[in-house]
Amino acid sequence: MEQSVSENNKRIAKNTLMLYIRMLFVMAVSLYTSRVVLQTLGIEDYGIFNVVGGIITMFTFINGAMISSTQRYLNFELVKENEVALRSVFNTSLQIHALIALAIIILGETIGLWFLMEKLVIPESRMTAAHWVYQCSILSCAVNIMSTPYNADIIAHEKMSVFAYISIIEVVLKLAIVYLLVVSPYDKLIVYGILTLLVQLLIRYIYSRYCHRHFKEVYFQFKIDKPLFKEMSGFAGWSFLGNLAGILYTQGLNLMLNMFFGPVVNAARGIAVQVQSSVQQFVNGFQTALNPQITKNYASGSLSQMHSLMFRSARFSFLLLFFISLPVLLETDFLLTMWLKTVPENASTFTQIMLCISLIYTTANPCVIANQATGKVKIYQIVVGGILLTIVPISYLVLKLGAPAYSVFIVHFCVESVAQFSRMYMLRKLIDLPMGGYLKNIYIPILATATVAVIVPIIVQSQMEQGLFRFIVVGITCVISVGLSAFAIGLTKSEKDFFIDKGLRMLKIRK
(Lines give C-alpha, C1' and ligand atoms only; values in the text may rest on other atoms or scores of the structure.)
Protein backbone atom coordinates (compact mmCIF):
# COMPACT_ATOMS: atom_id res chain seq x y z
CA MET A 1 0.00 0.00 0.00
CA GLU A 2 2.78 2.44 0.98
CA GLN A 3 4.64 1.63 -2.24
CA SER A 4 1.48 2.27 -4.26
CA VAL A 5 0.95 5.63 -2.55
CA SER A 6 4.60 6.53 -3.16
CA GLU A 7 4.31 5.64 -6.85
CA ASN A 8 1.14 7.70 -7.17
CA ASN A 9 2.85 10.68 -5.52
CA LYS A 10 5.78 10.41 -7.94
CA ARG A 11 3.36 10.21 -10.88
CA ILE A 12 1.48 13.26 -9.61
CA ALA A 13 4.74 15.18 -9.20
CA LYS A 14 5.95 14.24 -12.69
CA ASN A 15 2.62 15.09 -14.32
CA THR A 16 2.44 18.39 -12.44
CA LEU A 17 5.92 19.32 -13.70
CA MET A 18 4.97 18.57 -17.31
CA LEU A 19 1.76 20.57 -17.01
CA TYR A 20 3.67 23.51 -15.55
CA ILE A 21 6.06 23.46 -18.50
CA ARG A 22 2.97 23.58 -20.73
CA MET A 23 1.51 26.38 -18.65
CA LEU A 24 4.60 28.58 -18.94
CA PHE A 25 4.55 28.32 -22.74
CA VAL A 26 0.82 28.97 -23.01
CA MET A 27 0.77 31.80 -20.47
CA ALA A 28 3.72 33.70 -21.95
CA VAL A 29 2.31 33.58 -25.47
CA SER A 30 -1.27 34.32 -24.34
CA LEU A 31 -0.21 37.48 -22.53
CA TYR A 32 1.85 38.69 -25.49
CA THR A 33 -0.73 37.84 -28.14
CA SER A 34 -3.59 39.38 -26.14
CA ARG A 35 -1.75 42.68 -26.04
CA VAL A 36 -0.98 42.66 -29.77
CA VAL A 37 -4.49 41.52 -30.73
CA LEU A 38 -6.08 44.26 -28.58
CA GLN A 39 -3.84 46.91 -30.14
CA THR A 40 -4.40 45.59 -33.68
CA LEU A 41 -8.17 45.08 -33.49
CA GLY A 42 -8.92 48.04 -31.23
CA ILE A 43 -11.05 47.99 -28.08
CA GLU A 44 -14.40 47.84 -29.92
CA ASP A 45 -13.52 44.95 -32.26
CA TYR A 46 -11.82 43.07 -29.41
CA GLY A 47 -15.03 43.40 -27.41
CA ILE A 48 -17.09 42.19 -30.41
CA PHE A 49 -14.89 39.09 -30.79
CA ASN A 50 -15.23 38.37 -27.08
CA VAL A 51 -19.01 38.67 -26.89
CA VAL A 52 -19.85 37.03 -30.27
CA GLY A 53 -17.76 33.98 -29.45
CA GLY A 54 -19.55 33.92 -26.11
CA ILE A 55 -22.89 33.15 -27.75
CA ILE A 56 -21.65 29.77 -28.98
CA THR A 57 -19.76 29.13 -25.77
CA MET A 58 -23.09 29.46 -23.96
CA PHE A 59 -24.42 26.38 -25.74
CA THR A 60 -21.43 24.29 -24.61
CA PHE A 61 -23.05 23.71 -21.22
CA ILE A 62 -24.63 20.72 -23.01
CA ASN A 63 -21.16 19.32 -23.61
CA GLY A 64 -19.74 20.36 -20.24
CA ALA A 65 -21.72 17.69 -18.43
CA MET A 66 -20.39 14.99 -20.77
CA ILE A 67 -16.76 15.97 -20.15
CA SER A 68 -16.99 14.97 -16.49
CA SER A 69 -18.98 11.86 -17.40
CA THR A 70 -16.37 10.70 -19.92
CA GLN A 71 -13.50 11.35 -17.51
CA ARG A 72 -15.20 9.49 -14.68
CA TYR A 73 -16.05 6.35 -16.68
CA LEU A 74 -12.62 6.12 -18.32
CA ASN A 75 -10.89 6.37 -14.94
CA PHE A 76 -13.10 3.63 -13.48
CA GLU A 77 -12.41 1.18 -16.31
CA LEU A 78 -8.67 1.87 -16.21
CA VAL A 79 -8.62 0.94 -12.51
CA LYS A 80 -10.49 -2.29 -13.32
CA GLU A 81 -8.14 -2.93 -16.30
CA ASN A 82 -11.13 -3.97 -18.40
CA GLU A 83 -10.07 -3.28 -22.00
CA VAL A 84 -13.39 -4.30 -23.57
CA ALA A 85 -15.36 -2.02 -21.26
CA LEU A 86 -12.83 0.77 -21.82
CA ARG A 87 -13.35 0.55 -25.59
CA SER A 88 -17.09 0.63 -25.13
CA VAL A 89 -16.85 3.73 -22.90
CA PHE A 90 -14.70 5.58 -25.43
CA ASN A 91 -16.89 4.60 -28.39
CA THR A 92 -20.09 5.57 -26.55
CA SER A 93 -18.50 8.86 -25.57
CA LEU A 94 -17.71 9.64 -29.22
CA GLN A 95 -21.29 8.88 -30.24
CA ILE A 96 -22.75 11.15 -27.56
CA HIS A 97 -20.33 13.98 -28.38
CA ALA A 98 -21.22 13.73 -32.07
CA LEU A 99 -24.88 14.26 -31.18
CA ILE A 100 -23.95 17.19 -28.92
CA ALA A 101 -21.89 18.81 -31.69
CA LEU A 102 -24.84 18.49 -34.08
CA ALA A 103 -27.22 19.97 -31.48
CA ILE A 104 -24.95 22.97 -30.89
CA ILE A 105 -24.62 23.64 -34.63
CA ILE A 106 -28.44 23.63 -34.93
CA LEU A 107 -28.86 25.87 -31.87
CA GLY A 108 -26.12 28.17 -33.10
CA GLU A 109 -27.65 28.62 -36.53
CA THR A 110 -31.14 29.30 -35.12
CA ILE A 111 -31.42 30.74 -31.59
CA GLY A 112 -27.82 31.95 -31.47
CA LEU A 113 -28.02 33.68 -34.85
CA TRP A 114 -31.26 35.39 -33.84
CA PHE A 115 -29.64 36.62 -30.62
CA LEU A 116 -26.65 37.97 -32.54
CA MET A 117 -28.80 39.92 -34.98
CA GLU A 118 -31.53 41.14 -32.63
CA LYS A 119 -30.12 41.50 -29.11
CA LEU A 120 -26.39 42.25 -29.15
CA VAL A 121 -25.16 45.82 -29.23
CA ILE A 122 -22.88 45.83 -32.31
CA PRO A 123 -22.27 48.78 -34.65
CA GLU A 124 -23.95 48.25 -38.04
CA SER A 125 -20.64 48.75 -39.84
CA ARG A 126 -19.13 45.75 -37.97
CA MET A 127 -22.05 43.35 -38.32
CA THR A 128 -20.58 41.53 -41.37
CA ALA A 129 -17.31 40.91 -39.52
CA ALA A 130 -19.29 39.78 -36.47
CA HIS A 131 -21.09 37.18 -38.65
CA TRP A 132 -17.75 35.81 -39.89
CA VAL A 133 -16.47 35.50 -36.32
CA TYR A 134 -19.73 33.85 -35.29
CA GLN A 135 -19.59 31.15 -38.00
CA CYS A 136 -15.94 30.43 -37.21
CA SER A 137 -16.89 30.10 -33.54
CA ILE A 138 -19.62 27.54 -34.36
CA LEU A 139 -17.19 25.36 -36.33
CA SER A 140 -14.45 25.71 -33.73
CA CYS A 141 -16.90 24.72 -30.99
CA ALA A 142 -18.03 21.61 -32.89
CA VAL A 143 -14.41 20.54 -33.43
CA ASN A 144 -13.56 21.00 -29.74
CA ILE A 145 -16.59 18.98 -28.68
CA MET A 146 -15.59 16.04 -30.89
CA SER A 147 -12.07 16.15 -29.45
CA THR A 148 -13.25 15.94 -25.82
CA PRO A 149 -13.11 12.11 -25.57
CA TYR A 150 -9.52 12.15 -26.88
CA ASN A 151 -8.34 14.73 -24.35
CA ALA A 152 -10.20 12.91 -21.57
CA ASP A 153 -8.43 9.68 -22.52
CA ILE A 154 -5.02 11.36 -22.35
CA ILE A 155 -5.80 12.68 -18.86
CA ALA A 156 -7.21 9.32 -17.72
CA HIS A 157 -3.96 7.63 -18.81
CA GLU A 158 -2.08 10.47 -17.02
CA LYS A 159 0.05 11.22 -20.10
CA MET A 160 0.40 14.89 -19.20
CA SER A 161 3.64 15.28 -21.14
CA VAL A 162 1.57 15.13 -24.34
CA PHE A 163 -0.10 18.43 -23.45
CA ALA A 164 3.32 20.01 -22.87
CA TYR A 165 4.76 18.90 -26.21
CA ILE A 166 1.72 19.82 -28.29
CA SER A 167 1.59 23.20 -26.56
CA ILE A 168 4.92 24.06 -28.16
CA ILE A 169 3.24 23.67 -31.57
CA GLU A 170 0.25 25.67 -30.36
CA VAL A 171 2.53 28.47 -29.15
CA VAL A 172 4.25 28.74 -32.53
CA LEU A 173 0.89 28.81 -34.34
CA LYS A 174 -0.49 31.55 -32.08
CA LEU A 175 2.58 33.66 -32.69
CA ALA A 176 2.08 33.12 -36.42
CA ILE A 177 -1.52 34.34 -36.06
CA VAL A 178 -0.32 37.56 -34.45
CA TYR A 179 2.18 38.19 -37.26
CA LEU A 180 -0.37 37.48 -40.01
CA LEU A 181 -2.96 39.64 -38.27
CA VAL A 182 -0.61 42.61 -38.12
CA VAL A 183 0.48 42.38 -41.78
CA SER A 184 -2.91 41.39 -43.23
CA PRO A 185 -4.47 44.00 -45.57
CA TYR A 186 -7.95 42.54 -45.05
CA ASP A 187 -10.52 43.09 -42.28
CA LYS A 188 -8.51 42.12 -39.21
CA LEU A 189 -11.45 40.89 -37.15
CA ILE A 190 -12.47 38.45 -39.90
CA VAL A 191 -8.87 37.32 -40.41
CA TYR A 192 -8.46 36.73 -36.68
CA GLY A 193 -11.61 34.61 -36.53
CA ILE A 194 -10.56 32.42 -39.49
CA LEU A 195 -6.98 31.94 -38.32
CA THR A 196 -8.12 31.01 -34.80
CA LEU A 197 -10.41 28.35 -36.29
CA LEU A 198 -7.58 26.89 -38.42
CA VAL A 199 -5.30 26.60 -35.39
CA GLN A 200 -8.05 24.83 -33.43
CA LEU A 201 -8.55 22.34 -36.27
CA LEU A 202 -4.86 21.48 -36.47
CA ILE A 203 -4.30 21.15 -32.71
CA ARG A 204 -7.37 18.96 -32.30
CA TYR A 205 -6.20 16.73 -35.16
CA ILE A 206 -2.82 16.25 -33.46
CA TYR A 207 -4.43 15.23 -30.15
CA SER A 208 -6.73 12.71 -31.83
CA ARG A 209 -3.89 11.31 -33.94
CA TYR A 210 -1.79 10.72 -30.83
CA CYS A 211 -4.63 8.83 -29.14
CA HIS A 212 -5.20 6.60 -32.18
CA ARG A 213 -1.53 5.61 -32.18
CA HIS A 214 -1.05 5.03 -28.44
CA PHE A 215 -4.34 3.87 -26.87
CA LYS A 216 -5.98 0.60 -27.93
CA GLU A 217 -9.46 1.66 -26.91
CA VAL A 218 -9.51 4.60 -29.34
CA TYR A 219 -11.64 3.63 -32.31
CA PHE A 220 -15.15 4.30 -33.54
CA GLN A 221 -17.95 1.83 -34.24
CA PHE A 222 -21.55 2.51 -35.24
CA LYS A 223 -22.65 -0.17 -32.80
CA ILE A 224 -24.49 1.41 -29.85
CA ASP A 225 -24.14 0.02 -26.31
CA LYS A 226 -27.64 1.07 -25.22
CA PRO A 227 -27.26 0.42 -21.45
CA LEU A 228 -23.96 2.30 -21.29
CA PHE A 229 -25.28 5.07 -23.54
CA LYS A 230 -28.22 5.51 -21.16
CA GLU A 231 -26.02 5.35 -18.06
CA MET A 232 -23.44 7.90 -19.28
CA SER A 233 -26.15 10.20 -20.60
CA GLY A 234 -28.00 9.94 -17.29
CA PHE A 235 -24.85 10.84 -15.34
CA ALA A 236 -24.32 13.82 -17.63
CA GLY A 237 -27.98 14.76 -17.44
CA TRP A 238 -27.83 15.41 -13.71
CA SER A 239 -24.62 17.39 -14.21
CA PHE A 240 -26.60 19.56 -16.62
CA LEU A 241 -27.68 22.06 -13.94
CA GLY A 242 -24.16 22.68 -12.71
CA ASN A 243 -22.82 23.20 -16.20
CA LEU A 244 -25.76 25.39 -17.19
CA ALA A 245 -25.06 27.56 -14.15
CA GLY A 246 -21.36 27.69 -15.03
CA ILE A 247 -21.93 28.88 -18.57
CA LEU A 248 -24.56 31.41 -17.48
CA TYR A 249 -22.35 33.08 -14.89
CA THR A 250 -19.51 33.32 -17.43
CA GLN A 251 -20.89 33.90 -20.91
CA GLY A 252 -24.36 34.85 -19.68
CA LEU A 253 -22.94 37.70 -17.62
CA ASN A 254 -20.79 38.67 -20.61
CA LEU A 255 -23.89 39.02 -22.82
CA MET A 256 -25.73 40.86 -20.05
CA LEU A 257 -22.88 43.36 -19.75
CA ASN A 258 -23.09 43.91 -23.52
CA MET A 259 -26.81 44.66 -23.38
CA PHE A 260 -26.42 47.10 -20.49
CA PHE A 261 -23.07 48.76 -21.32
CA GLY A 262 -21.99 47.86 -24.91
CA PRO A 263 -18.89 46.14 -26.39
CA VAL A 264 -16.30 48.33 -24.63
CA VAL A 265 -17.21 46.72 -21.29
CA ASN A 266 -16.90 43.30 -22.98
CA ALA A 267 -13.35 44.25 -23.91
CA ALA A 268 -12.65 45.05 -20.24
CA ARG A 269 -14.08 41.69 -19.20
CA GLY A 270 -12.07 39.96 -21.93
CA ILE A 271 -8.85 41.43 -20.53
CA ALA A 272 -9.82 40.46 -16.98
CA VAL A 273 -10.58 36.90 -18.12
CA GLN A 274 -7.20 36.73 -19.88
CA VAL A 275 -5.37 37.73 -16.69
CA GLN A 276 -7.50 35.37 -14.59
CA SER A 277 -6.89 32.47 -17.00
CA SER A 278 -3.15 33.10 -17.08
CA VAL A 279 -2.87 33.17 -13.29
CA GLN A 280 -5.23 30.20 -12.98
CA GLN A 281 -2.84 28.12 -15.10
CA PHE A 282 -0.52 27.89 -12.09
CA VAL A 283 -3.21 25.86 -10.34
CA ASN A 284 -4.77 23.97 -13.25
CA GLY A 285 -1.65 21.91 -13.86
CA PHE A 286 -1.54 20.71 -10.27
CA GLN A 287 -5.25 19.93 -10.16
CA THR A 288 -5.29 18.17 -13.52
CA ALA A 289 -2.48 15.89 -12.34
CA LEU A 290 -4.27 15.13 -9.06
CA ASN A 291 -7.88 14.75 -10.24
CA PRO A 292 -7.54 11.26 -11.82
CA GLN A 293 -6.00 9.98 -8.58
CA ILE A 294 -8.98 11.24 -6.54
CA THR A 295 -11.35 9.29 -8.79
CA LYS A 296 -9.16 6.17 -8.87
CA ASN A 297 -8.86 6.10 -5.07
CA TYR A 298 -12.64 6.16 -4.79
CA ALA A 299 -12.93 3.39 -7.39
CA SER A 300 -10.51 1.22 -5.38
CA GLY A 301 -12.26 1.98 -2.06
CA SER A 302 -9.40 3.98 -0.52
CA LEU A 303 -11.51 6.73 1.03
CA SER A 304 -8.92 7.90 3.56
CA GLN A 305 -6.36 8.37 0.78
CA MET A 306 -9.03 10.11 -1.27
CA HIS A 307 -9.73 12.56 1.59
CA SER A 308 -6.01 13.22 1.97
CA LEU A 309 -5.67 14.02 -1.73
CA MET A 310 -8.72 16.31 -1.60
CA PHE A 311 -7.30 18.26 1.35
CA ARG A 312 -3.91 18.57 -0.31
CA SER A 313 -5.41 19.58 -3.66
CA ALA A 314 -7.54 22.34 -2.12
CA ARG A 315 -4.85 23.70 0.19
CA PHE A 316 -1.96 23.61 -2.27
CA SER A 317 -4.15 25.00 -5.06
CA PHE A 318 -5.15 28.00 -2.95
CA LEU A 319 -1.56 28.66 -1.80
CA LEU A 320 -0.20 28.40 -5.35
CA LEU A 321 -2.82 30.76 -6.72
CA PHE A 322 -2.45 33.19 -3.81
CA PHE A 323 1.32 33.21 -4.33
CA ILE A 324 0.78 34.52 -7.87
CA SER A 325 -2.38 36.54 -7.25
CA LEU A 326 -1.27 38.75 -4.36
CA PRO A 327 1.20 40.92 -6.33
CA VAL A 328 -1.31 41.09 -9.20
CA LEU A 329 -4.10 42.19 -6.83
CA LEU A 330 -1.92 44.89 -5.26
CA GLU A 331 -0.45 46.20 -8.54
CA THR A 332 -3.30 45.60 -11.00
CA ASP A 333 -3.38 49.15 -12.43
CA PHE A 334 0.37 49.24 -13.04
CA LEU A 335 0.49 45.75 -14.57
CA LEU A 336 -2.38 46.38 -16.98
CA THR A 337 -0.92 49.73 -18.06
CA MET A 338 2.52 48.22 -18.60
CA TRP A 339 1.05 45.25 -20.48
CA LEU A 340 -1.59 46.94 -22.66
CA LYS A 341 -0.64 50.64 -22.72
CA THR A 342 -4.32 51.47 -23.39
CA VAL A 343 -6.42 49.83 -20.66
CA PRO A 344 -10.21 49.49 -21.14
CA GLU A 345 -12.27 51.13 -18.39
CA ASN A 346 -13.27 48.70 -15.60
CA ALA A 347 -10.59 46.16 -16.57
CA SER A 348 -8.66 46.65 -13.32
CA THR A 349 -11.69 46.23 -11.03
CA PHE A 350 -12.98 43.25 -13.03
CA THR A 351 -9.56 41.58 -12.77
CA GLN A 352 -9.29 41.97 -9.00
CA ILE A 353 -12.75 40.59 -8.24
CA MET A 354 -12.38 37.68 -10.69
CA LEU A 355 -9.08 36.67 -9.09
CA CYS A 356 -10.82 36.56 -5.70
CA ILE A 357 -13.50 34.30 -7.21
CA SER A 358 -10.75 32.00 -8.54
CA LEU A 359 -9.20 31.80 -5.07
CA ILE A 360 -12.51 30.60 -3.62
CA TYR A 361 -13.04 28.06 -6.40
CA THR A 362 -9.65 26.39 -5.82
CA THR A 363 -11.12 24.78 -2.70
CA ALA A 364 -14.24 23.69 -4.60
CA ASN A 365 -12.52 21.66 -7.34
CA PRO A 366 -11.74 18.60 -5.14
CA CYS A 367 -15.39 18.51 -4.03
CA VAL A 368 -16.57 18.58 -7.66
CA ILE A 369 -14.22 15.75 -8.66
CA ALA A 370 -15.13 13.68 -5.59
CA ASN A 371 -18.85 13.97 -6.32
CA GLN A 372 -18.33 12.93 -9.93
CA ALA A 373 -16.33 9.92 -8.74
CA THR A 374 -19.27 8.63 -6.70
CA GLY A 375 -21.64 8.82 -9.67
CA LYS A 376 -24.36 10.05 -7.28
CA VAL A 377 -24.76 13.47 -8.81
CA LYS A 378 -28.54 14.01 -8.79
CA ILE A 379 -29.15 15.79 -5.45
CA TYR A 380 -25.70 17.39 -5.48
CA GLN A 381 -26.25 19.03 -8.86
CA ILE A 382 -29.81 20.11 -8.07
CA VAL A 383 -28.66 21.91 -4.92
CA VAL A 384 -25.32 23.36 -6.07
CA GLY A 385 -26.52 24.07 -9.61
CA GLY A 386 -29.67 25.68 -8.26
CA ILE A 387 -27.63 27.99 -6.01
CA LEU A 388 -25.29 29.00 -8.84
CA LEU A 389 -28.19 29.62 -11.22
CA THR A 390 -29.26 32.53 -9.01
CA ILE A 391 -26.18 34.53 -10.10
CA VAL A 392 -27.75 35.69 -13.38
CA PRO A 393 -31.18 36.85 -12.10
CA ILE A 394 -29.62 38.57 -9.07
CA SER A 395 -27.07 40.28 -11.35
CA TYR A 396 -29.82 41.38 -13.73
CA LEU A 397 -31.75 42.83 -10.81
CA VAL A 398 -28.80 44.83 -9.44
CA LEU A 399 -27.99 46.18 -12.92
CA LYS A 400 -31.62 47.19 -13.42
CA LEU A 401 -31.41 49.07 -10.12
CA GLY A 402 -28.51 51.09 -11.53
CA ALA A 403 -25.52 49.27 -10.02
CA PRO A 404 -22.12 49.57 -11.80
CA ALA A 405 -20.81 46.88 -14.15
CA TYR A 406 -18.49 45.29 -11.58
CA SER A 407 -21.45 44.49 -9.30
CA VAL A 408 -22.19 41.30 -11.28
CA PHE A 409 -18.82 39.87 -10.23
CA ILE A 410 -19.48 40.74 -6.59
CA VAL A 411 -22.74 38.81 -6.87
CA HIS A 412 -20.82 35.88 -8.36
CA PHE A 413 -18.30 35.98 -5.50
CA CYS A 414 -20.99 35.89 -2.80
CA VAL A 415 -23.06 33.12 -4.41
CA GLU A 416 -19.95 30.98 -5.06
CA SER A 417 -19.12 31.19 -1.33
CA VAL A 418 -22.59 29.85 -0.44
CA ALA A 419 -22.29 27.09 -3.07
CA GLN A 420 -18.99 25.88 -1.62
CA PHE A 421 -20.50 25.37 1.82
CA SER A 422 -23.29 23.30 0.25
CA ARG A 423 -20.73 21.14 -1.61
CA MET A 424 -18.94 20.23 1.62
CA TYR A 425 -22.19 19.56 3.46
CA MET A 426 -23.49 17.08 0.86
CA LEU A 427 -20.20 15.18 0.60
CA ARG A 428 -20.42 14.21 4.28
CA LYS A 429 -22.56 11.16 3.53
CA LEU A 430 -21.45 10.48 -0.04
CA ILE A 431 -17.78 9.86 0.84
CA ASP A 432 -17.78 10.15 4.66
CA LEU A 433 -16.05 13.51 4.34
CA PRO A 434 -15.75 15.19 7.76
CA MET A 435 -16.66 18.90 7.55
CA GLY A 436 -14.49 19.52 10.60
CA GLY A 437 -11.59 17.92 8.75
CA TYR A 438 -12.20 20.17 5.74
CA LEU A 439 -12.12 23.24 7.96
CA LYS A 440 -9.08 22.07 9.93
CA ASN A 441 -7.04 20.87 6.97
CA ILE A 442 -7.99 23.57 4.44
CA TYR A 443 -9.78 26.74 5.52
CA ILE A 444 -8.06 27.46 8.83
CA PRO A 445 -4.51 27.14 7.42
CA ILE A 446 -5.19 29.03 4.16
CA LEU A 447 -7.07 31.89 5.84
CA ALA A 448 -4.36 32.21 8.49
CA THR A 449 -1.67 32.14 5.79
CA ALA A 450 -3.43 34.79 3.68
CA THR A 451 -4.06 37.08 6.67
CA VAL A 452 -0.44 37.01 7.82
CA ALA A 453 1.02 37.19 4.30
CA VAL A 454 -0.77 40.40 3.19
CA ILE A 455 0.31 42.60 6.11
CA VAL A 456 3.87 43.48 5.07
CA PRO A 457 3.18 43.88 1.28
CA ILE A 458 0.28 46.27 1.98
CA ILE A 459 2.43 48.36 4.32
CA VAL A 460 5.26 48.48 1.76
CA GLN A 461 2.88 49.45 -1.07
CA SER A 462 1.26 52.24 0.97
CA GLN A 463 4.63 53.91 1.56
CA MET A 464 5.69 54.14 -2.09
CA GLU A 465 4.62 55.92 -5.28
CA GLN A 466 3.24 53.78 -8.12
CA GLY A 467 5.85 52.77 -10.66
CA LEU A 468 8.24 50.05 -11.77
CA PHE A 469 10.37 50.28 -8.62
CA ARG A 470 7.34 49.87 -6.34
CA PHE A 471 6.11 46.94 -8.42
CA ILE A 472 9.47 45.17 -8.08
CA VAL A 473 9.70 45.83 -4.34
CA VAL A 474 6.07 44.82 -3.70
CA GLY A 475 6.50 41.71 -5.87
CA ILE A 476 9.61 40.58 -3.98
CA THR A 477 7.93 41.32 -0.65
CA CYS A 478 4.87 39.27 -1.69
CA VAL A 479 7.00 36.30 -2.72
CA ILE A 480 8.90 36.28 0.55
CA SER A 481 5.86 36.97 2.73
CA VAL A 482 3.60 34.37 1.10
CA GLY A 483 6.41 31.80 0.90
CA LEU A 484 7.31 32.08 4.60
CA SER A 485 3.68 32.22 5.74
CA ALA A 486 2.70 29.23 3.61
CA PHE A 487 5.61 27.16 4.93
CA ALA A 488 5.07 28.14 8.57
CA ILE A 489 1.25 28.01 8.65
CA GLY A 490 -0.09 26.43 5.45
CA LEU A 491 1.82 23.12 5.44
CA THR A 492 1.48 20.11 7.69
CA LYS A 493 4.51 18.77 9.56
CA SER A 494 4.96 15.87 7.12
CA GLU A 495 4.78 18.27 4.16
CA LYS A 496 7.38 20.56 5.75
CA ASP A 497 9.67 17.56 6.31
CA PHE A 498 9.18 16.50 2.69
CA PHE A 499 10.16 19.91 1.29
CA ILE A 500 13.13 20.22 3.64
CA ASP A 501 14.33 16.76 2.64
CA LYS A 502 13.97 17.56 -1.06
CA GLY A 503 15.79 20.85 -0.58
CA LEU A 504 18.68 19.17 1.21
CA ARG A 505 18.92 16.53 -1.52
CA MET A 506 19.07 19.22 -4.17
CA LEU A 507 21.96 20.79 -2.28
CA LYS A 508 23.54 17.32 -2.01
CA ILE A 509 23.58 17.49 1.78
CA ARG A 510 22.94 14.21 3.54
CA LYS A 511 21.52 14.10 7.04
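Okay, let's start with phenylalanine 350, which sits in helix α13, residues 347-362. Helices here are DSSP runs of H or I with at least four residues, strands are E runs of at least two, and both are numbered from the N terminus. Before I go on: this is a predicted model, where local features need pLDDT of at least 70, side-chain atom pairs count only at pLDDT 80 or more, and totals for chains, interfaces and linings use all residues. Residues are numbered from 1 along each chain as its sequence is written, and side-chain values use heavy atoms, with hydrogens and water left out.

So, is phenylalanine 350 buried or exposed? Its relative accessibility is 0%, so phenylalanine 350 counts as buried; the cut-off for that is under 20% relative accessible area, with a 1.4 Å probe and protein chains only. And what does phenylalanine 350 touch? Leaving out residues up to four places away in sequence, the list is Val265, Ala268, Arg269, Ala272, Ala405, Tyr406 and Phe409, where a contact is heavy atoms within 4.5 Å. Serine 407 is 57 residues from phenylalanine 350 in sequence, and their C-alpha atoms are 9.3 Å apart.

Now the helix pairs. Two packed helices are described by the angle between their axes and the distance between the axes. Axes are lines fitted to C-alpha atoms, for helices over the stretch in contact, and angles run from 0 to 180 degrees between N-to-C directions.

Take α4, residues 83-118, and α5, residues 127-156: their axes come within 9 Å and cross at roughly 165°. That is why α4 and α5 are called roughly antiparallel, a label for angles over 145 degrees. Their contact residues split into 20 nonpolar, seven polar and two charged. Here Ala, Val, Leu, Ile, Met, Phe, Trp, Tyr, Cys and Pro count as nonpolar, Asp, Glu, Lys and Arg as charged, and the others, Gly among them, as polar.

Next, α5 packs on α7, residues 188-214, at about 15°, axes 9 Å apart. So α5 is roughly parallel to α7, which takes an angle under 35 degrees. In that contact there are 16 nonpolar residues, eight polar and one charged.

Finally, the whole chain. How many helices and strands does it have? The protein chain has 20 helices and zero strands. Of its 511 residues, 54% count as buried. And for contacts with a separation of 6 or more, 84% come from residues 24 or more positions apart.

Definitions and conventions: Angles under 35 degrees count as roughly parallel, over 145 as roughly antiparallel, 65 to 115 as roughly perpendicular and the rest as oblique. Buried means under 20% relative accessible area, exposed over 50%, partly exposed in between (1.4 Å probe, protein chains only).
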